[in-house]
Amino acid sequence: MKFGLSLVLILAATPSIAEPAAGVAYLHNTSVEERPLSMSIWYPSEEKAAATIGGNPVFEGVSATRDAQFSKGALPLVVVSHGGLRSATDSGAWLSSSIAQAGYVVVELNGPRPDNAAIALNEIWQRPQDIHRAIDLVQADATWGPRIDESKVSVVGFALGATAALSVAGAKMDVDEYMRSCTTGSESEGPDCGWYAAQGVTLSETSQEGLAGLARDPRVTSVIAINPEYPAVLGSIAEDVGALRIYLGTPETAAGGDQADRSVVIPDASIFDAFAICTPAGPDILAAEDGDSSICGVSAETRESIHLETAQAVISLLRDYSE
C-alpha cells in the first residue's frame with residue numbers, strides 16, 4: 001500500500017504522560033549503501049514514559065522511554081515489518097510497544113521509502129531481505145546480541161510486510177503468476193497496480209535476480225501475517241513454523257500462503273487500522289493534502305479497540321511458540 005503524503009515523515013519526540021512504557025532505542029546500518037536500514041528496538045521497561053514515538057500531524061505517537069535500562073535476561077526476538085510503501089517511520093509503534101511490554105525484544109524495520117513506482121517494484125523481494133539482514137545485525141550487535149534468545153525468532157508483518165514474513169517462513173512465490181497479478185481480473189491483483197500503470201512501469205521490470213533470491217530464513221520459528229498482499233501467488237510455509245493470519249476486514253480469499261495454523265478475523269476493521277490512531281486534525285489534513293480521510297477510520301475509539309484485539313492475538317501466538 002502507498003500513501004504519498006510528505007507530512008507523515010515527521011517524527012515527534014515530545015514528553016508524554018509519565019506512566020511505565022516500553023523502552024526504545026535505535027540501530028542504524030548503512031553497510032548496503034543503496035538500502036540503509038533504521039531499526040527501532042522496543043523492549044520491556046519499568047521506567048516512566050518520557051517521550052512519544054512515531055507521532056506527526058496526522059497520527060498520534062506512542063508513549064515510550066528512550067534508552068531505558070534493560071533489566072531482563074535474553075528474550076525472544078520479534079521483527080515487525082510494516083506494509084505501507086510510503087508510510088512513516090515507526091508506523092507500527094502501537095503494536096511494537098505492546099509486544100515489547102509482553103516480554104519481547106521487538107525490532108521494527110524502517111527501510112528507505114521508494115521515491116517512485118519504478119523503485120517500489122523491487123520492494124517485493126527487498127522486504128524479505130531486510131528481515132534477514134535485521135536478524136543478522138541484531139544478533140551480531142555487541143549490545144543487543146546478548147539480549148536475544150536466538151532460538152526464538154518471530155516475524156510480524158502488515159500487507160507487503162506480511163508477504164515478506166511468509167516468504168522468510170518458507171512460502172515460495174509463483175513468479176509467473178506474480179507477473180500476471182496486474183492483469184485486469186487477476187485473482188492475485190495487488191493494491192499498487194494503478195500506481196504502477198500511472199507511472200508507466202510494469203511488473204516485468206522487477207529484478208528477476210532479486211525474485212530468484214527469495215528464501216526461507218531457518219532462524220524464524222513463527223510468523224504473524226496481517227492482510228498479506230498477493231496471497232494467491234504464495235505457497236505454504238515450512239511445516240515447522242508456527243503461523244497466524246489476522247484479517248482486518250473479512251478476507252475475500254484464503255489462498256496459497258494464506259493457509260495457517262490459525263486465523264483471526266476482525267470483520268469491522270480495514271487495512272487502514274494497521275496504522276496509528278489519527279489526531280483530531282488528521283482527517284482534515286489528509287483531505288487538504290488530497291489524501292484519503294478514510295485512512296483515519298470511523299473513530300479513535302474503534303481503532304483503539306481494533307489495535308487491542310490485534311495485539312492480543314499476536315501476543316497469544318508468540319507466547320505459544322516462545323515458551
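The link of Cys 278 and Cys 296 is left-handed, with -85 degrees about the S-S bond. In this predicted model, the sulfur atoms of Cys 278 and Cys 296 lie 2.2 Å apart, and the pair is joined as a disulfide. Cys 278 counts as buried, because its relative accessibility is 9%, below the limit of 20%. Cys 296 is likewise buried, at a relative accessible area of 6%.

The count of disulfides comes to two. The other bond is that of Cys 182 to Cys 193, with an S to S distance of 2.1 Å. This link is also left-handed, with -85 degrees about the S-S bond of Cys 182 and Cys 193. Cys 182 belongs to the loop between helix H5 (175–179) and helix H6 (193–198), whereas Cys 193 is part of helix H6, so this pair ties together parts that are eleven residues apart in sequence. Cys 182 has a relative accessible area of 30% and is partly exposed, while Cys 193, at 9% relative accessibility, counts as buried. With bonded cysteines counted along the chain, the disulfides follow the pattern 1-2, 3-4.

The largest nonpolar core consists of 52 residues, and Leu 77, Val 105 and Val 223 are those with the most contacts inside it. Beyond its neighbours within four places in sequence, Val 223 is in contact with Val 155, Ala 165, Leu 166, Ala 169, Ile 237, Val 241, Gly 242, Ala 243, Leu 244 and Leu 317. A second, separate core has 43 residues, including Val 62, Ala 269, Phe 275 and Val 314.

Helix H9 spans residues 300–322, a run of 23 residues. The distance from its first C-alpha to its last is 32 Å, close to the 33 Å expected at 1.5 Å a residue. Leu 317, a contact of Val 223, and Val 314, a member of the second core, are among the buried residues of H9. The buried residues of H9 also include Arg 303, Ile 306, His 307, Thr 310, Ala 311, Ala 313, Ile 315, Leu 318 and Ser 322. An α-helix has 3.6 residues a turn, so residues three or four places apart point the same way. The cover over the buried residues of H9 includes helix H1 (93–101) and the strands E5 (75–81), E7 (148–158), E8 (220–226), E9 (242–248) and E10 (262–266).

Key: Residues numbered from 1 in each chain as written. Predicted model: local features only at pLDDT ≥ 70, side-chain atom pairs only at ≥ 80, totals over all residues. Heavy atoms only, no water. Core = buried A, V, L, I, M, F, W, Y, C linked by side-chain atoms within 4.5 Å. Buried < 20%, exposed > 50% of the residue type's maximum accessible area, 1.4 Å probe, protein only. Contact = heavy atoms within 4.5 Å. Helix = DSSP H or I, 4+ residues; strand = E, 2+ residues; numbered from the N terminus. Expected span 1.5 Å × (residues − 1). Disulfide = S-S within 2.5 Å.
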